[in-house]
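Visitor: Could you walk me through this model and tell me what lies behind the terms you use?
Guide: Gladly; here it is.
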Amino acid sequence: MEQAALTRESVEYLKILADVFAELVTKVTEEDGRANGDVTPSLAQCLEYLYLHGPSPIRKIALGLSISVPAVSQLVERLVGKELVTREHSEDDRRLARVELTDVGRKWIVQARLSRMEWLRAILGMMNDERRSSLVDSLEEFIKLALETNGHVDEACARCGIDHLAFCVVGQAHQRVTGEPMEKY
């Protein structure tokens, strides 16, 4: 790409901004993991899912994280080794396992979430009200348009574990695309 072609209004520059934004959020998550027991972003994502959804079977976690059952089984094995989750196998079918946060795992994810929120709050606190509102409006508009045009609404859901709020942009896009309200994960 030629430097002269890169302008503030170019799609290439927006892509760079999006990449930097995503990388910053990922780095904060990675730093939380290293500071609190060497938890990788994938392990943190699994802990986050369990925190939001409660005890869950491995298949449900795989669906929620959009990864394979064997991949979740490996994540759970590592989390069990770190004493962040417990895994109970069904007496009827050993292939079925229920995964639950331990007290240590719950404390870890609560602290990681607080840390990320404090970081975000500090950054947003440096912005004036108009800029903060503009950021939210712009992100919502972009996400809404992207979801309504590509049809990947279900895949965009953060699976936050709560009923879709009236202002949830993913829930709104899902309603417009499918004509149905989005189900709670």
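Guide: Let me begin with a term: helices (H or I, at least four residues) and strands (E, at least two) are DSSP runs, numbered from the N terminus. This is a predicted model, in which local features need pLDDT of at least 70, side-chain atom pairs count only at pLDDT 80 or more, and totals for chains, interfaces and linings use all residues. Residues are numbered from 1 along each chain as its sequence is written, and side-chain values use heavy atoms, with hydrogens and water left out.

Visitor: What does that counting give for the secondary structure of the chain?
Guide: The chain has eight helices and three strands. Read from the N terminus, the order is α-α-β-α-α-β-β-α-α-α-α.

Visitor: Why does Leu 147 count as buried?
Guide: Leu 147 is found in helix α6. Buried means under 20% relative accessible area, exposed over 50%, and partly exposed in between (1.4 Å probe, protein chains only). Leu 147 has 6% relative accessibility, so it counts as buried.

Visitor: What makes the nonpolar surface patch?
Guide: Leu 14, Leu 17, Leu 135, Leu 139, Phe 142 and Ile 143 make a patch of about 520 Å². Patch residues have over 30% relative accessible area and no salt bridge; like charges are joined within 9 Å, nonpolar side chains (Val, Leu, Ile, Met, Phe, Trp, Tyr) within 5 Å. A salt bridge is a side-chain nitrogen of Lys or Arg within 4 Å of a carboxyl oxygen of Asp or Glu. Areas come from the Shrake-Rupley method with a 1.4 Å probe; for residues, only the protein chains shown count as cover.

Visitor: Which helix supplies the largest share of the patch?
Guide: That is α6, with four residues. Both α1 (11–35) and α6 (129–150) supply at least two residues each.

Visitor: How do you know that the length of α2 is close to what is expected?
Guide: The expected span is 1.5 Å times one less than the number of residues. Helix α2 (residues 41–53) has 13 residues and reaches 18 Å from its first C-alpha to its last, close to the 18 Å expected. Just after α2, Gly 54 has a positive phi of about 80°.
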